[in-house]
There are 2 protein chains.
Amino acid sequence: MELLRTHIGTSLRSARTSQNRTLRDVARQARVSLGYLSEVERGQKEASSELLNAICQALGLSLASVITDVAHEIKTTESVKLVVVDAA
Amino acid sequence: MELLRTHIGTSLRSARTSQNRTLRDVARQARVSLGYLSEVERGQKEASSELLNAICQALGLSLASVITDVAHEIKTTESVKLVVVDAA
């Protein structure tokens with residue numbers, strides 16, 4: 001089962017690491033705790049919509065671009081699973 | 001500020017009403033309370049990823065299709081706001 005928070009976390013972590021930024025840096029700028037951001041990135045915590053926006057802003061990304069990326073990732077993962085089921 | 005939960009709620013409500021289904025029907029099938037579904041649809045509560053999946057399933061929709069719709073809606077709203085700012 002694909003979980004939205006897993007994909008959001010992966011997308012945020014990928015954006016942060018591609019910018020060569022630390023959890024500490026992004027967490028400080030977004031005004032969230034380092035532990036919170038780390039849990040969100042690992043898909044262990046649901047980010048509230050307000051804090052998701054703060055994290056997107058800290059990364060210089062629009063919410064639209066993050067959610068578009070997430071939609072694409074979920075679609076790809078769901079398609080791969082369908083292919084595997086078909087092949088079974 | 002665009003909130004993810006507002007767009008998710010709008011998308012779920014739109015899917016449900018286009019299927020001519022009641023909150024009660026979808027809530028029962030998704031095994032969530034009617035009050036919870038109603039709050040999620042109105043963007044007043046963050047749906048957990050697990051319950052979002054249950055609601056999508058009850059509506060016969062993939063998570064990917066709902067999030068793709070949400071991404072499109074956020075993009076459109078953000079674009080409209082940019083145009084309004086430009087025109088101001």
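Me: Which residues touch the most other members of the largest nonpolar core?
Reply: Keep in mind that this is a predicted model. Ala30(A), Ile55(A) and Ile67(A) do, along with Ala30(B), Ile55(B) and Ile67(B), in a core of 48 residues.

Me: Okay, take Ile67(A). What does Ile67(A) touch, leaving out residues up to four places away in sequence?
Reply: Its partners are Leu4(B), Ile67(B), Val70(B), Ala71(B) and Ile74(B).

Me: How many residues does each chain bring to the contact?
Reply: Chain A puts in 20 residues, and chain B puts in 20 residues.

Me: And which helices of chain A supply at least two residues each?
Reply: On the side of chain A that touches chain B, those are H1, helix H4 (49-58) and helix H5 (63-87). H5(A) gives the most, with nine residues.

Me: What's that side made of, in nonpolar, polar and charged residues?
Reply: On the side of chain A that touches chain B, you get ten nonpolar residues, five polar ones and five charged ones.

Me: Do the copies meet through the same surface or a different one, and why?
Reply: The same one: 100% of the interface residues of chain A are also interface residues in chain B, so the copies meet through the same surface.

Me: What rotation superposes chain A on chain B?
Reply: A rotation of 180 degrees, with 0.0 Å of shift along its axis, and the RMSD is 0.0 Å. The two copies are thus related as by a two-fold rotation axis.

Me: Switching topic: what's the secondary structure of chain A?
Reply: Chain A has five helices and zero strands. Going along the sequence, the pattern reads α-α-α-α-α.

Me: What does the C-alpha trace of chain A span?
Reply: About 45 × 25 × 20 Å along its principal axes.

Me: How much of chain A is buried?
Reply: Buried residues make up 35% of its 88 residues.

Me: And what share of the contacts in chain A join residues at least 24 apart?
Reply: That's 62%, counting contacts between residues at least 6 apart in sequence.

Me: Back to chain B. Which residues of helix H4 are buried?
Reply: In H4 of chain B (residues 49-58), the buried ones are Leu52(B), Ala54(B), Ile55(B), Cys56(B) and Ala58(B).

Me: What covers the buried residues of H4(B)?
Reply: The cover includes helix H1 (4-18) of chain A, plus H1 (4-18), H2 (23-30), H3 (34-41) and H5 (63-87) of chain B.

How values were computed. Residues numbered from 1 in each chain as written. Chains lettered and ligands numbered in written order. Predicted model: local features only at pLDDT ≥ 70, side-chain atom pairs only at ≥ 80, totals over all residues. Buried ≥ 20, exposed ≤ 12 C-beta atoms within 10 Å, placed from the backbone. Helix = DSSP H or I, 4+ residues; strand = E, 2+ residues; numbered from the N terminus. Contact = placed C-beta atoms within 7 Å. Nonpolar A, V, L, I, M, F, W, Y, C, P; charged D, E, K, R; others polar. Least-squares fit on C-alpha atoms with pLDDT ≥ 70 in both. Core = buried A, V, L, I, M, F, W, Y, C linked by C-beta atoms within 7 Å.
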